[in-house]
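Here is a short report for a reader meeting this structure for the first time. Look over the sequence and the model, then read on.

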Amino acid sequence: MKTKTIQYNIIKIHIDQLIESDYNLSIDYSDYRHLFVEQQNNAVLQFIMNYHRLNNQKTDCQNRKTTYHLSKRYKHFPLINYSDLKVKKKKRIIPYIDDMIFVEAPKNKKKEKHLEHIIRSGFIFNNKKYVRYSIGSEGVTNFVVEDISADLIEASQLGVTPDTVVTSKYEAQRNLLFTSCTFVEGKPPYIVIVDEYKKTLKNQYIRYVKLTPMTGIDKKTGKEYNFTDKKIEEGYHDVEISPFDGFGIHKPHVSKMFNAVLGQIRKPFMKGVSVEAPIDEYYAERGVTHITDVFGKSHSVEEIDCIWNTAMWKAYGLFKNTFPNTMGKTPWDEYLERTHKYGLDQIGISKYSHDKSKSPLKSRMNFQYLQCLDLDNPKYVESFNNKEKEYDILDNKNDGKMIELARYTTDVFEKIIKGDLFYTLKLLGIGDTQGYTSTSNYINAILVNPIMIHDPSVKSSVRRLLDKQIKEAKQGKIYANGFYHTGVGDIIGYLEYVAGLPVVGCLKAGEIFVKTLPVGEVVSFRSPLMDASEVNKVNIVENDMTRKYFNYFANQDIVMFNMYDLSLPQQGGADLDGDGFYLCNNKVIINSVIQRPIVIDIDDKVTAKSVKYNMDAIVKFELNSRDSRIGEITNVATSLINQRPINGTDEIDNQYMPLLRIYQGKEIDAIKTGLRWSIPKWMKNKAKKLPHFLIYKYPKKKEEYEKIKKKNKEFKEKGVDKRLPYNVFDSPSAMNELCRFIEKWYWERGTWKSFDVVNNGHLLIDKKVESNLTNKELMKEIKTIISNFNAKYKQLINQGERGKALNNIFTEYEELLYSIHRNKKELANYVIKVSYASLSSDKVLCWSLFGDEMLSNLQQNTDSKYRYQIEECSKEVEGAREYLGRYYTFTETVKEK
């Protein structure tokens, strides 16, 4: 059984603040609460919370009696839950943990000495000393209060400090405890660890990188230097694969514990996926009663709950080399004892499988997938190269494959823009309203009274949501048949391997098994995707084995891969520890797959050398890990793949893109391997500008583009023979065609020409207090505050700000409003009155701060009870309406109160 998802507030500061304060920073609570970031529960935060709870017991905990001593007394740390934290159901209260601080320190050579200082010596924040715990993500380091740091670090290492390690790899493994997850209540299951299974596929025709030592002459100095030349070659190679890499299995009763058929596991030094398997049934039929673990210990099948492997257990080598394997106790037994000793024996689940029986059958793709398909339109290419020829990109006669795909998305958008109630409700996520609740005040308002769908604020909310999706569609986020699945290996093959039987499995080369899509051809995509060869066309199959053992896969977003082909290394070097795969059975996409030899990193397991594990090694690792080149590599690849040079794309297709595929894989694994490849300057020079469609991803580049466009228009109107170079390039690529199509569609058919708004202020104000709202000076002050908020809010939205930045502005203006009037009910109705005095003013502040009061007033002022009923049906039902691949009936009923 899972616990509820719990979140905490943790302070995030910038290293500049520490530098300016000479590493002794003091901030008043009213100021630093704006620095809060929400962090979902994980084993580290659970440890901290339990540490303090146990310290509050009548036990001497201040004289270095560590938490694992206390755990002997209390058996194990009890789970934190909302009732313990006194969280009210109506209003979510997020506890603040002051024992941990995140420090943001992006890569900056000038500030490296300061970063090194706080990593080695820590810093003071509000009279408490904080020291390094671990590296975070995106240039962040996690610090913990010094009083508990030794205990926390000891627990994260399970009391085993290694002598030499690959620092990046070990720190990544130790930091698995910081993965957000929910914890499984109850006694931990009986887990058996087996060895990793590997096999070699003979004579596979692949592309790979050949490294050749070379010498060059520096043009400036004339001196000779050494470098390694990287070239793509192709040919036949034997390729070793690990077809069960990162996944294990469990019995059906464990699925009930997890509340899911599949769960992504988190324990100390443990990462992987566990999926339900017919362990008892299959082994009974094969006469298997016992299995032997990696240490040679025999286990009764009847007693086993989970069968996991050394690819999941990252501390296998450490424990194997540290602790002897005896008849009475194996290194795995030692691991279990230590996780219990430190209160870390509960299983965390960071990702689950989902029942997709009611979910849409269409979902949005992305530009990485689309640009690696053969979707170029010859008609558009011809019009691009011949500007004088008249060409209407909106004319169906000119549709290529990309526009054929896009029209479903724009058709849905158009229905919403024209006010179709059904499509608007579906966009907002509303189904049958019987018993339906939502966290959105706008949606709840519509459910109370349907006239609210014409409210200016609700209309603005719908418009903002749809405009965002339209902007994203220009970047390739268009609907197609399919959705994401979590990958697992051949479960029958795994059961055979574990039992020492011949490993045959239930799937053949080129086959996968899912129960969410029909049997037949399908295309599998995995992000990030660089090269066309990563697009994997396979066949969904069913056979006697799958029909007999895997009916429980029905409606589950799980895909089972075979162990006879290169599907996993082909798709960006995927493994099975939770990787997602977008499966699409759209015929246009299936027929647009480009067949090229697969790109394989034949040295993907190479890592940096082991070094002494000490503070010097940690500092070096931290300083070298402040940036990520994944975005840069993706942009270079996107630029190159959308170029259409006159001399053709052979060099791009056969050298640049395969190389970038390897670069990307190296960068993704750098945190584990310690090895990074830098993009050569000559390749960057070929990709200085981004393709036109990608400016919609970067607001600043879009703003710069519009300025250049305006300036060039002025030159043209004045007859000046001068043009400024654009910061992006245009080309007749399919992605640029898609962008141009949606731009013109939006201009001609997608603008909100008829807003059809109704002022519902009279329904949203409390009639009991309305006559008392007569303070004109107060209303004038409120109007000024709202006006200032709207200007600042619009500025942040235009800058692409989301999340914390927007939360802060709401908090800031909430305080301003309460500073002029303390009575909440009166203030709420004053703000409602002022906000609805004009149709044109934005009412987002009013709804955000006083939505509960507005809904209460709406219920009191609504004469009838409305209900929309949206029920799934078959395509043949009269009046059926299609949305994202499923069909529905739509009715509205009205009942008197």
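## Surface and charge

Accessible areas here come from the Shrake-Rupley method with a 1.4 Å probe. The model is a predicted one. On that basis, the protein chain has an accessible surface of about 42400 Å². Carbon and sulfur atoms account for 48% of that surface.

Charges come next. The protein chain carries 134 positive and 116 negative charges.

## Overall build

The protein chain contains 34 helices and 33 strands. Its C-alpha atoms fill a box of roughly 85 × 80 × 70 Å along the principal axes.

## Inside the fold

Of the 897 residues in the protein chain, 53% are buried. Contacts also reach across the sequence. Take the contacts between residues at least 6 apart in sequence: 78% of them join residues at least 24 apart.

## Aromatic pairs

The structure holds 54 aromatic pairs. One of them joins Phe319 and Tyr335, with ring centres 5.8 Å apart and planes at 80°. Planes over 60 degrees apart count as edge-to-face, so this pair of Phe319 and Tyr335 is edge-to-face. Phe319 sits in helix 10 (residues 316–322) and Tyr335 in helix 11 (residues 331–341). The two are 16 residues apart, and the pair links distant parts of the chain. Both Phe319 and Tyr335 are buried.

Phe413 and Trp745 form another pair, this one tilted. Their centres are 6.3 Å apart, with 45° between the planes. Phe413 lies in helix 14 (residues 401–417), while Trp745 lies in helix 28 (residues 734–748). This pair also links distant parts of the chain, as its members are 332 residues apart. Are these two residues buried or exposed? Buried means under 20% relative accessible area. Phe413 has 3%, so Phe413 is buried. Trp745 has 1%, so Trp745 is buried too.

## An aromatic cluster

Which residues form one aromatic cluster? The members are Tyr282, Tyr283, Phe513, Tyr549, Phe550, Tyr552 and Phe553.

Conventions: Residues numbered from 1 in each chain as written. Predicted model: local features only at pLDDT ≥ 70, side-chain atom pairs only at ≥ 80, totals over all residues. Heavy atoms only, no water. Helix = DSSP H or I, 4+ residues; strand = E, 2+ residues; numbered from the N terminus. Buried < 20%, exposed > 50% of the residue type's maximum accessible area, 1.4 Å probe, protein only. Contact = heavy atoms within 4.5 Å. Lys, Arg positive; Asp, Glu negative; His and termini not counted. Charge placed at Lys NZ, Arg CZ, Asp CG, Glu CD. Phe/Tyr/Trp six-rings, centres within 6.5 Å; stacked < 30°, edge-to-face > 60°.
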